[in-house]
Amino acid sequence: MERKKLRIGFYALTSCYGCQLQLAMMDELLKLLPNAEIVCWFMLDRESVEDEPVDIAFIEGSVSTEEEVELVKRIRENAKIVVAVGACAVQGGVQSWSDKPLEELWKTVYGDGKVKFQPKKAEPVSKYIKVDYNIYGCPPEKRDFLYALGTFLVGSWPEDIDYPVCLECRLKGNPCVLLEKGEPCLGPVTRAGCNARCPSFGIACIGCRGAIGYDVAWFDSLARVFKEKGLTKEEIIERMKMFNGHDERIEKMVEKIFAGGEE
């Protein structure tokens, strides 16, 4: 009996399209063809149809327009499994952390010109629909995508990563960029999976894979360390919000520490 092919869709919201490009350049995708049918992927096929029913929907990009709110809801209705791919889809992306009013940002980008969509503050996909699994990174690691897709193909489920970049860094025997070099490294609060790529070259982690989770990651402790090393309040907030801007608690926490209100 011939096994039924999985129907897969790739959908793009507001982003640089880097995540899609990362996946499109994978030779391994050709090996999927006997087991999967790609029914929607505008980067590869302009004739794609967004409202086709699929087994797995991969969504990249942040929800940044009212039209995209409706799109992700339709994708959720048509998909058995929804996967958020990359920093924009999972965390809202760098475009989500500006504190400037939307009207000011709009005028900076578009001037007084008229466009055919209704903008809104950029937010993660999970803000509007249930997301079943996240693939982290900016862009994601190819192996993360292959691992997730491989488990789905065999009817299993991928495990999530619940430990920080620091673990990978120490396993590689790297000197600590934060404690030994004094660089503002976000490794202690950032989800692992990159094999500590940046710290391995002596470069501080900027947190592109997002926080392990605010209730797990000790942002307050790290903020105090940054403060002790001479970083200003603004520098700490900017660094911590770069890929976690959708979480408003970060700025409030740093403000409290500099106001002397921490416990």
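Predicted model: local features only at pLDDT ≥ 70, side-chain atom pairs only at ≥ 80, totals over all residues.
Leaving aside residues up to four places away in sequence, Phe226 touches Leu178, Pro184, Cys185, Leu186, Leu231, Ile236 and Met240. Show those side chains and you are looking at part of the neighbourhood of Phe226.

Now widen the selection. Phe226 and Met240 are the residues with the most contacts inside the largest nonpolar core, which has 25 residues. To see where this core comes from, colour helix H6 (165-171), helix H7 (219-228), helix H8 (233-241) and H9, the elements that each give two or more residues to it. Apart from this core lies another one, of 22 residues; select Phe145, Ala148, Leu149 and Leu153, which are among them. In soluble globular proteins, nonpolar side chains tend to be buried together.

**Next stop: the largest pocket**

Select Gln95, Ser96, Lys121, Ala122 and Glu123, the lining residues that lie nearest the centre of the largest pocket. The whole lining counts 48 residues, and the volume of the pocket is about 970 Å³. Strand S4 (63-65), helix H3 (86-91), helix H4 (102-110), strand S6 (119-123) and helix H9 (249-258) each give two or more residues to this lining. Which element has the largest share? Colour H4, which supplies six residues. If you colour the lining by class, you will find 20 nonpolar, 15 polar and 13 charged residues.

**Then the second largest pocket**

Move on to Glu141, Cys194, Arg197, Cys198 and Cys208, which lie nearest the centre of the second largest pocket. This pocket has a volume of about 260 Å³ and a lining of 19 residues. Here the classes are twelve nonpolar, four polar and three charged residues.

**Last stop: Ser15**

Finally, select Ser15, in the loop between strand S1 (6-12) and helix H1 (18-24). Is Ser15 buried, partly exposed or exposed? Ser15 counts as partly exposed because its relative accessible area is 24%, and buried would require under 20%. Not counting residues up to four places away in sequence, Ser15 touches Glu60, Gly61 and Cys88. Zoom in on Glu60: its side chain makes a polar contact with the side chain of Ser15, at 3.0 Å. Then look at Tyr17, whose backbone nitrogen lies 3.1 Å from a polar atom of the Ser15 side chain. To end, draw a line between the C-alpha atoms of Ser15 and Ile257: they are separated by 33 Å, with the two residues 242 apart along the chain.

Note on methods: Residues numbered from 1 in each chain as written. Heavy atoms only, no water. 1 Å grid on protein atoms, 1.4 Å probe; cavity = no way out; pocket = protein on both sides within 12 Å on 5 of 7 lines; lining within 4 Å. Points joined across faces, edges and corners; volume = space filled by probe spheres on them. Helix = DSSP H or I, 4+ residues; strand = E, 2+ residues; numbered from the N terminus. Nonpolar A, V, L, I, M, F, W, Y, C, P; charged D, E, K, R; others polar. Core = buried A, V, L, I, M, F, W, Y, C linked by side-chain atoms within 4.5 Å. Buried < 20%, exposed > 50% of the residue type's maximum accessible area, 1.4 Å probe, protein only. Contact = heavy atoms within 4.5 Å. Polar contact = N/O pair within 3.5 Å; in protein donor to acceptor, adjacent residues only side chain to side chain.
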